[in-house]
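Please keep the sequence and the 3D view open while you read.

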Number of protein chains: 2
Amino acid sequence: MSTYTAPLQDMRFVLTELAAIDRVAKLPGYEEATDDLVEAILDEAGKFAGGVLAPLNFSGDQEGARWVDRAVTMPKGFKEAYRQFVDNGWAGLSLNPEHGGQGLPKVVAAAVQEMWKASNMAFSLCPMLTMGAVEALELVGSEAQKATYLANMISGEWTGTMNLTEPQAGSDLAAVRTRAVPHGDGTYRVFGQKIFITYGDHDMAENTIHLVLARTPDAPEGVKGISLFVVPKFLVNADGSPGERNDAWCVSIEHKLGIHASPTAVMAFGDNGGAIGTLVGKENEGLKYMFIMMNAARYAVGLEGLAIAERAYQKAVAYARDRVQGRAIEGSTGSVAIIRHPDVRRMLMQMRAQVEAMRAVAYAVAAATDMAMRHPDPAERARQQAFVDLMIPVVKGWLTETGNEVASLGVQVHGGMGFIEETGAAQFFRDARITTIYEGTTGIQANDLIGRKIAREGGATLKAVLAMMRQTESELAAQAGLASIRSALGQGIAALEAAGGFIVADYAKDVRSVAAGAVPFLKLMGIVSGGWMMARAALAAQAKIAAGDADAFYPAKIATAQFYAAHVLNTATGLAQEVVQGGASALALDEAMF
Amino acid sequence: MSTYTAPLQDMRFVLTELAAIDRVAKLPGYEEATDDLVEAILDEAGKFAGGVLAPLNFSGDQEGARWVDRAVTMPKGFKEAYRQFVDNGWAGLSLNPEHGGQGLPKVVAAAVQEMWKASNMAFSLCPMLTMGAVEALELVGSEAQKATYLANMISGEWTGTMNLTEPQAGSDLAAVRTRAVPHGDGTYRVFGQKIFITYGDHDMAENTIHLVLARTPDAPEGVKGISLFVVPKFLVNADGSPGERNDAWCVSIEHKLGIHASPTAVMAFGDNGGAIGTLVGKENEGLKYMFIMMNAARYAVGLEGLAIAERAYQKAVAYARDRVQGRAIEGSTGSVAIIRHPDVRRMLMQMRAQVEAMRAVAYAVAAATDMAMRHPDPAERARQQAFVDLMIPVVKGWLTETGNEVASLGVQVHGGMGFIEETGAAQFFRDARITTIYEGTTGIQANDLIGRKIAREGGATLKAVLAMMRQTESELAAQAGLASIRSALGQGIAALEAAGGFIVADYAKDVRSVAAGAVPFLKLMGIVSGGWMMARAALAAQAKIAAGDADAFYPAKIATAQFYAAHVLNTATGLAQEVVQGGASALALDEAMF
């Protein structure tokens, strides 16, 4: 089965040249993130991903998580791999040192998470969900809750889940019906059914800590009446050990298109008297807490798009080098490896260029997150946070849409073998398909982008980003060899400016027409952001070459950036046209006529 | 599970207004294809597709074809459905009346095939392959072969297969190694293994007639040494009944991403002394025969892209009407069906507009096929055949690429439910994925398009098509209400002209760079052809409205054409840029650097 090799050189290049890890490492609290430590962490994570997680990816998919008698058994090898993951200290990498985390910068954690997700996306979801639950408890948990749960969750001994969705409440949490009834002793009894609960049950850890959205009696209707509760699978004894089994059960798992090794549970709370839980934070503030955590969760799913694309690219390259089929189009004495065929080459470049652009955008946003949290200057923190808020829906939406496209190209490079499950390319294609859906569909990201992130502030942050892009464009002017990149980036910036201006101008006037162009706008913003980063990458590579660095990585980076300009940025003008001119026709058809 | 309703009104509209079925029905031999008969056939086919085939689509996928002891058992219900299919006379619809076919025009058969493929793609592959084998035997079979096989194959009592691929010979048939040794009695003994053989074995018919590419002893190397053989599963007795079992066995079937009910066989010929076969046509001419049949096979796979898209669209519309989730973006008193959300509406329109454009292109090409075969004027036949030859790779490549896109949008409309296999949307997404691969990948179609169909003739047929498109563009000038369509079509035509001109000018000079843009060019050509047809559709609808026809179908057609102009044709200029400017960067990266 296919292997995975962490793309360490590109990761380091992006961290150093585009995500300013040197500046991040100077932030208060990150002093330990020295070059040497980061280097060592990336190396070790690459070994763990390639050596332990990647070999379980295909077998995990084929075997799948199994549900018997209200309990989930993980596929062969997962329990042991998770044990190693915990023992090696990977669970708490970027988490709070106060409770045992290592407190490394988010931007370093992003590179490491990319590796987990690329090597075994189904596995990676368990620590990802745990991290989300940890952050919620750190943020708004009581001291007692923190003392009870955090240390074991940060170490990874216990895992966490997020219980939001119900059958009638998917994207719309206003419709949540799960009830939480005060028991008079400070605890609540939780009753209700939750669906789509990732790792809702499994056998890799001794306890699972559920965070559950529910309504207290007499809570107001809609989103204003939702509270957050912590409901452990096993109640925790006074000595901190897992005790009595709580009334929270996995009553089935879903039969899904992909991520078969990740159990997607239907959870029943309170079928036998009530699941015991405690309120997290304040009553009726549950949705607010969810929103605070949402940036991290959406960012992490965005990384999945990048990660699967990288894995699909590696597999496609290996196959294209290996598979001999047909003569070269310009003539050849014998058959050639298909990597020689121009269309296969184009597909590989399309995969590669988008992977590199996605990585650059993702790490740059992670670095900004670190800046936004830790920079000593409040104005700089605010500026960085605004950039992060603007870019989160782009990272989530564009990286996952592109991840799907790249995974599909990976199947295509394999020809007929791509359709055969044993080849493994199809798994990436199946696994990727959830990423544009969960943690908010692309449409939801796009509405967030144009509404809360752009229209609401009159496009201020977007304008600041456009100015930074223009700055890069002008830096390209001095480099004759990068003229095609400059021209395409200029086109892209103009397109983004036009479409962004339209959104700001028309959002209040005709929100439906503008919203009909939300997803094309999100794609446009992703593509141009990627082009901006690839242009910066080309400039950095050019500088290395000019300084005498002979590493072939740098000319390759420039070639990839030039490809991106001609084959990805070329779509920007058409997308802007669609945003500006397409709203009315998207809504014109009478509903009855569909 | 989801239903399927044949889109009869749009089919009739396309046949009448865009595919000139009135002219087809006047061709010699098609006199019986009266309006009434065509109407009755479409009605009945729609009932069979919706009532018999569609209900087996999901169960067939879940159960899959099963292989035990060198024989394949079809999923529950398939055998009975196939019996009905044969009894109702569907197998020979467009086949030669001389051997029992009904001899209906290809354009009528196209509409009917769309229904089989939309209702149950896995089922439809069996009659499709049989039809290909029938056409080969009709074309170059001996009288004895025709007498032995044709009547039973045209009736559907026996089915047919095409055995081309071997592990080392996928797209490159030059590498075929299967041997055929003369036995001295006019028969051959065939030895070798074939893979990816659709319906290589099954239990729906009493005999399976394999057409097999193989090399005779001392045949020249490469494609010039390939001959075609007919190898029945059961040898045929003198009285025409199936007799002794031949040495052609299904030794396994593939575990695939989709079309699970369609058995994809590994066939072993001659493991027990030699499979008895007879030569079809002349020795060493096998590849030529394959090429002659290829147009029909590629066309039929193109229809699969359309058909799955139609089915995915119907399912998405039904879900979007039914699923209530969230408030309207402009505000609403309660939750609304998601069809109200602008982005869901945009997705449904993107699906619908592309389905309608694909159907129009596909049927227009089918009508041209009828004209090319039957028109009394040889010059007109040649003109129509040139159009067909040009468009076949577009129908195959663009319809299947678009079918994948539409099936993926179908999943997206379903949100989280789309990822759950029980919903059924994921099946369309999985099934569609093979269509851009088999019968020649999109890359192979695109090379055929730019090389053999455009560059080789200096772009003559393309220019003729562009002139027809310009004609439609000028007709739009008189219709103020269609101005946005005219503008977008004009942009599209200009883009296609520029990219086509580049291909003609540069193909001989720099074939690798031009070939790197082959797939973007194919997509461009598909998109602009679709835009041309949608513009013609809008004109026809406008004429109906002007004539006082109050059917809501016509304003809906115009709205859909306007959507296509703003949301699909808008990509044309960017694609042309990619073709003209993108070749060098696609090939620039050193092979070792991937």
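A:Arg70 counts as exposed, because it has 11 C-beta neighbours inside 10 Å. The cut-offs are 20 or more other C-beta atoms within 10 Å for buried, 12 or fewer for exposed, and partly exposed in between, with C-beta atoms placed from the backbone. This is a predicted model, in which local features need pLDDT of at least 70, side-chain atom pairs count only at pLDDT 80 or more, and totals for chains, interfaces and linings use all residues. Residues are numbered from 1 along each chain as its sequence is written, while chains are lettered from A and ligands numbered from 1 in the order in which they are written.

**Loop residues**

- A:Arg70 sits in the loop between strand 1 (66–68) and strand 2 (71–73) of chain A. Helices (H or I, at least four residues) and strands (E, at least two) are DSSP runs, numbered from the N terminus.
- The phi angle of A:Arg70 is near 65°, a positive value in a residue other than glycine.
- In chain B, B:Asp69 lies in the loop between strand 1 (66–68) and strand 2 (71–73). Its phi is near 50°, again positive in a residue other than glycine.
- B:Asp69 is exposed, with 6 other C-beta atoms within 10 Å.
- A:Asn284 belongs to the loop between strand 12 (275–280) and helix 9 (286–322) of chain A. A:Asn284 has 17 C-beta neighbours inside 10 Å, so it counts as partly exposed.
- Beyond its neighbours within four places in sequence, A:Asn284 is in contact with residues including A:Ala219, A:Pro220 and A:Lys224. Contact means that the C-beta atoms, placed from the backbone, lie within 7 Å.
- A:Ala219 is 65 residues from A:Asn284 along the chain, with 7.1 Å between their C-alpha atoms.

**Chain A overall**

- Chain A holds 20 helices and twelve strands. Its radius of gyration is 24 Å, close to the 25 Å that the globule rule gives for 594 residues, so chain A is as compact as a globular protein of that length. The radius is taken over C-alpha atoms, and the rule is 2.2 Å times the number of residues to the power 0.38.
- The C-alpha trace of chain A spans about 75 × 60 × 55 Å along its principal axes.
- Of the 594 residues in chain A, 60% are buried.

- Helix 15 (residues 483–506) of chain A packs against helix 17 (residues 518–546) of chain A at an angle of about 150°, with the axes 9 Å apart. Axes are lines fitted to C-alpha atoms, for helices over the stretch in contact, and angles run from 0 to 180 degrees between N-to-C directions.
- The residues of this contact divide into 16 nonpolar, two polar and no charged. Ala, Val, Leu, Ile, Met, Phe, Trp, Tyr, Cys and Pro count as nonpolar, Asp, Glu, Lys and Arg as charged, and the others, Gly among them, as polar.
- In helix 19 (residues 572–581) of chain A, nine of the ten residues are buried, so the helix is largely enclosed by the rest of the structure.
- The cover over the buried residues of helix 19 of chain A includes helix 15 and helix 17 of chain A, with helix 17 (553–567) and helix 18 (572–581) of chain B.

**The two chains together**

- Contacts link 76 residues of chain B with 75 residues of chain A. On the chain B side there are 35 nonpolar, 28 polar and 13 charged residues.
- Of the interface residues of chain B, 99% are also interface residues in chain A, so the copies meet through the same surface.

Key. Two residues are in contact if their C-beta atoms, placed from the backbone, lie within 7 Å.
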